[in-house]
Amino acid sequence: MSRNAKINALLLLAVAALAVLPLVLGLGDHKEEPFAGADAEAETAITEIEPDYEPWFSPLYEPPSGEIESALFAVQAAIGAGVLAYYFGLRRGRRQGEERTAAALRDAPGGD
């Protein structure tokens, strides 16, 4: 196994552990919504500090359920991952093309 494959396997294992450990250890079992987002946590903290707080604005679109909100977030994450994968793939392809061109020029008769 190459060094890069070992590093990739370790990174994949670390990501899996970060996803599974909170569930296995029961973190958040004492809460009504154990894995609520940062926005919900912030709203709870603000209303505890200042019960009469009124938000400055309201969301442009409020999904009808938490499942739809999660689905929209997953679609957003997938689009972002696709854009990043395209960018890195494009960079790698260009670099490989430049290396092939340089090798072909070097190997050509009369090339130095």
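This is a predicted model: local features need pLDDT of at least 70, side-chain atom pairs count only at pLDDT 80 or more; totals for chains, interfaces and linings use all residues.
1. Residues are numbered from 1 along each chain as its sequence is written, and side-chain values use heavy atoms, leaving out hydrogens and water.

2. The predictor's confidence in each residue, pLDDT, runs from 0 to 100. Its mean for the protein chain is 87, with 91% of residues reaching 70 or more. Among the elements, helix 3 has the highest mean (93) and helix 2 the lowest (84). Helices are DSSP runs of H or I with at least four residues, numbered from the N terminus.

3. Back at the largest pocket, helix 2 gives the largest share of the lining, 7 residues. The space inside comes to about 690 Å³, a volume being the space filled by probe spheres set on the points. Its lining has 10 nonpolar, 2 polar and 5 charged residues.

4. The second largest pocket has a volume of about 160 Å³. Pro63, Gly66, Glu69, Ser70, Leu72 and Phe73 line this pocket; by class, that is 3 nonpolar, 2 polar and 1 charged. Gly counts as polar in this scheme.

5. Helix 1 covers residues 3–25 and reaches 32 Å from its first C-alpha to its last, close to the 33 Å expected at 1.5 Å a residue. The expected span is 1.5 Å times one less than the number of residues. A kink of about 30 degrees lies at alanine 19, shortly before proline 22; the bend is the angle between axes fitted to the seven residues ending there and the seven starting there. After helix 1 comes glycine 26, with a positive phi near 75 degrees.

6. Of the 23 residues of helix 1, the number buried (under 20% relative accessible area) is 0, so this helix lies largely in the open.

7. Where is tryptophan 56? Tryptophan 56 sits in the loop between helix 2 (38–49) and helix 3 (66–107). With a relative accessible area of 79%, tryptophan 56 is exposed, a term for values over 50%.

How values were computed. Helices (H or I, at least four residues) and strands (E, at least two) are DSSP runs, numbered from the N terminus. Buried means under 20% relative accessible area, exposed over 50%, partly exposed in between (1.4 Å probe, protein chains only). On a 1 Å grid over the protein atoms alone, a cavity is a set of points where a 1.4 Å probe fits but cannot get out, and a pocket is an open set with protein on both sides within 12 Å along at least five of seven lines; lining residues have an atom within 4 Å of a point.
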